[in-house]
Amino acid sequence: MPNKQVILTVFLLAFCLSTLAQEDKNEDKKKNENNIPTEELVVEAGAIIQDPIDPLAPARAAFYSAVLPGLGQAYNKKYWKIPIVYAGLGVGLYFYINNNNEYHRYRDAYKSRLAGFEDDEFFGTVTTSGLQQAQKTYGRNREISMLVIIGIYALNIIDANVDAHLLQYNVDDKLSITPHYKINEMDNKGDLGLTLNFKF
């Protein structure tokens, strides 16, 4: 029963406050109709954002990276990331070509053995079942290398998009989270926590 009374009291209090807020709005409208000046918002010159936010910049950076890997990083002016993108793609491409060549070597030798020839480069060292197993191994490695190339290409696009988002992120001292450590005077133990600062 007491819970119902508390809920009813809170509800009535909220209703009264919303009614008062409506009356204040109506008074402001009447003042504006009578050309009575109201308080104006004063904005300091330092509070104005210098660079306007471009909502299409992340999409543009991602598109550039999709067209040519590294171009989105250049668009974001993060030139140091371009060699990393091309190094990753180059390593993946190297392993893909190497595994593909080895796969074809063992495949050609296997096909030669099936045709009845005994003049392949692996004759006497690798058995026919060994040639078959080598084909499977190099074929799987070739597919993994292709997945690595696709993954690095996708990461290149994602990195350009996220980086363009973060370039427009407002990093200001007015909003900060800082860790703090304080000795509790009651029990002489340390208190560890985070402090959230929000300045107007």
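# Reading contacts in a predicted model

User: How far apart are the closest N and O atoms of Asp-120 and Arg-113?

Analyst: In this predicted model, the closest N and O atoms of Asp-120 and Arg-113 are 2.9 Å apart, and the two residues form a salt bridge. The cut-off for such a pair is 4 Å between the side-chain nitrogen and the carboxyl oxygen.

User: Are Asp-120 and Arg-113 buried or exposed?

Analyst: Both residues are buried. Buried here means a relative accessible area under 20%.

User: How many salt bridges does the structure hold?

Analyst: The structure holds six. One of them pairs Asp-159 with Lys-81, whose side chains meet at 3.1 Å, N to O. This pair links distant parts of the chain, since Asp-159 is in helix α5 and Lys-81 in helix α4, 78 residues apart.

User: What about Arg-105 and Glu-121: where does each lie?

Analyst: First the contact: Arg-105 forms a salt bridge with Glu-121, and their closest N and O atoms are 2.8 Å apart. Arg-105 lies in helix α4 and Glu-121 in the loop between α4 and α5, so this bridge ties together parts that are 16 residues apart in sequence. Arg-105 has 32% relative accessibility and counts as partly exposed, whereas Glu-121 is exposed, with a relative accessible area of 53%.

User: Which residues do salt bridges with shared partners join into one network?

Analyst: Lys-78, Lys-81, Asp-159 and Asp-163 are joined in this way. The pair of Asp-159 and Lys-81 discussed above is a salt bridge.

User: Now the rings. How many aromatic pairs does a search of the whole structure find?

Analyst: The search finds five. To read one, take the distance between ring centres and then the angle between the planes. Phe-63 and Tyr-64 have ring centres 6.3 Å apart and planes at 55°, so this pair is tilted. Phe-63 counts as exposed, at 53% relative accessibility, while Tyr-64 is partly exposed, at 29%.

User: What are the ring distance and plane angle for Tyr-64 and Tyr-75?

Analyst: Their centres are 5.3 Å apart and their planes stand at 75°, so the pair is edge-to-face. The cut-off for that term is over 60 degrees. Tyr-64 lies in helix α2 (residues 57-67) and Tyr-75 in helix α3 (residues 71-75), so the pair ties together parts 11 residues apart in sequence. Tyr-75 is partly exposed, with a relative accessible area of 30%. Phe-63, Tyr-64 and Tyr-75 form one aromatic cluster.

User: Which residue lies over the face of Tyr-103?

Analyst: Arg-142 does, at 4.4 Å from the ring centre.

User: Where should I look for nonpolar packing?

Analyst: The general idea is that nonpolar side chains tend to be buried together in soluble globular proteins. In this model, the largest nonpolar core has six residues: Tyr-106, Ala-109, Tyr-110, Phe-122, Leu-131 and Ala-134. Helices α4 (81-114) and α5 each supply at least two of its residues, and the largest share, three residues, comes from α4.

User: Which residues does Leu-131 touch, not counting those up to four places away in sequence?

Analyst: Leu-131 touches Tyr-106, Ala-109, Tyr-110, Arg-113, Phe-122 and Val-126. Arg-113 also takes part in the salt bridge with Asp-120.

User: How far apart are the C-alpha atoms of Val-162 and Ala-59?

Analyst: They are separated by 9.6 Å, and the two residues are 103 residues apart along the chain. Val-162 is found in helix α5 (residues 128-167) and counts as partly exposed, at 41% relative accessibility.

User: What is the order of the elements in the protein from the N terminus on?

Analyst: They run α-α-α-α-α-β-β, that is, five helices and two strands.

User: What part of the contacts with a separation of 6 or more comes from residues 24 or more positions apart, and what percentage of the 200 residues count as buried?

Analyst: Residues 24 or more positions apart account for 49% of those contacts. Of the 200 residues, 18% count as buried. The protein exposes about 16,000 Å², and carbon and sulfur atoms supply 62% of this area.

How values were computed:
Residues numbered from 1 in each chain as written. Predicted model: local features only at pLDDT ≥ 70, side-chain atom pairs only at ≥ 80, totals over all residues. Heavy atoms only, no water. Phe/Tyr/Trp six-rings, centres within 6.5 Å; stacked < 30°, edge-to-face > 60°. Buried < 20%, exposed > 50% of the residue type's maximum accessible area, 1.4 Å probe, protein only. Helix = DSSP H or I, 4+ residues; strand = E, 2+ residues; numbered from the N terminus. Lys NZ or Arg CZ within 6 Å of the ring centre and 35° of its normal. Core = buried A, V, L, I, M, F, W, Y, C linked by side-chain atoms within 4.5 Å. Contact = heavy atoms within 4.5 Å. Areas by Shrake-Rupley, 256 points an atom, 1.4 Å probe, with all protein chains shown as cover.
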